[in-house]
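Please look it over before going on.

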Amino acid sequence: MIVIGAGRVGTALAARAPEHGLSCTLIDRESGWDALSGPQGDPIVVAVRNPDLADVVRATPQHRRDDLVFLQNGMIRETLAELGVARATRGLLYFAVPSRGAPVQPGRTSWFSGPHGLAVARWLGTMGLVSRDVDWARFSFYELEKVSWLVAHGLLCTVHDCTVGEVAERHADTLLALSRELGVIGRCAHGVDVDPEYLRDKLVDYSRSVPEWRASVKAWDWRDGWFQRQAARHGVETPVHRELLRAAGFSDRLAQP
Ligand SMILES: NC(=O)c1ccc[n+]([C@@H]2O[C@H](COP(=O)([O-])OP(=O)(O)OC[C@H]3O[C@@H](n4cnc5c(N)ncnc54)[C@H](OP(=O)(O)O)[C@@H]3O)[C@@H](O)[C@H]2O)c1
């Protein structure tokens, strides 16, 4: 497997692969790019942050772009479409790597969809990281679920200065109220119909698997900013999300209602 991005995720996967008899070529900013000169066909896992996607796609030879596998959190569909890679494989990681050089903290099942979904799911599965390849509709649900987890916990961990495990135990009511708003946006803007209690329970379940994680508000355009844009576009009220943004110190980023 080829992985682009020698950060937390890339470094952890490159260290874990050989422990399970698997190969992994890690590409960083300066080195390893010649690994992409081979023929089309083998997956290339992209483990960089969202703002760096454009540089990576542009640096990837045209004939290898359909081999890219995007692991980024957040609503990245529009970004990928603008970069001409909308049909590439996507992944949602349900494990955590807290710092560069730290091992993977296994969480729940990671989800993949697209041409290389099965290959990457098997690669991670062989390393003991439970993963599954699913159809696009199912992936869309998990995409909403993951971004909801990140938005809800980014805000609640910041406001209450606590871990995601503490959010799960102490703030389940707020999580449910937020899940209602996120669920409405999911239906209007993402074509996913989800019961808010089910969504809340899934969020709590993942938090219990990585209870020490401290989430934060980041990758604005692909998380909280995306929800605000969709709420405005579809005329949906999101008072809980807006109040949490205020309490977390993001009043200056609140869209006009
Ligand atoms: N960490 C987690 O637990 C976790 C869990 C699930 C999903 N994710 C997702 O996985 C992605 C990577 O996360 P991360 O935590 O590994 O981020 P990270 O620690 O910031 O690592 C990103 C790496 O990408 C490198 N990079 C940036 N632009 C590049 C380019 N043009 N060419 C080559 N390398 C480039 C960076 O290099 P420099 O160091 O030189 O800047 C950095 O080493 C993110 O989208 C994140 O949302 C992470």
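Predicted model: local features only at pLDDT ≥ 70, side-chain atom pairs only at ≥ 80, totals over all residues.

Q: Where does the ligand sit, and how much of the ligand's exposed area does the protein bury?
A: The ligand is placed in the largest pocket.

Q: Which elements give two or more residues to the shell around the ligand?
A: The shell holds 25 residues, with Arg8, Val9, Arg29, Arg49 and Val97 the closest. The elements that supply two or more residues to this shell are helix H1 (8-19), helix H2 (53-59) and strand E6 (95-96).

Q: How many residues of the shell around the ligand are charged?
A: The shell divides by residue type, with 12 nonpolar and 5 polar members. The charged residues in it number 8.

Q: What is the distance from an oxygen atom of the ligand to an N or O atom in the side chain of Arg8?
A: Backbone atoms also come up to ligand oxygen, with a polar one of Ala6 at 3.5 Å and an N or O of Gly7 at 3.1 Å. For Arg8 the atom is in the side chain, and its distance from a ligand oxygen is 2.7 Å.

Q: Which residue forms a salt bridge with Arg58?
A: Side chains of opposite charge can pair when their charged atoms come close. The whole structure has 13 salt bridges. With the closest N and O atoms 3.6 Å apart, the partner is Asp55.

Definitions and conventions: Residues numbered from 1 in each chain as written. Heavy atoms only, no water. Near = heavy atom within 4 Å. Polar contact = N/O pair within 3.5 Å; in protein donor to acceptor, adjacent residues only side chain to side chain. 1 Å grid on protein atoms, 1.4 Å probe; cavity = no way out; pocket = protein on both sides within 12 Å on 5 of 7 lines; lining within 4 Å. Sits in = over half its atoms within 2 Å of the grid points. Helix = DSSP H or I, 4+ residues; strand = E, 2+ residues; numbered from the N terminus. Nonpolar A, V, L, I, M, F, W, Y, C, P; charged D, E, K, R; others polar. Salt bridge = Lys/Arg side-chain N within 4 Å of Asp/Glu carboxyl O.
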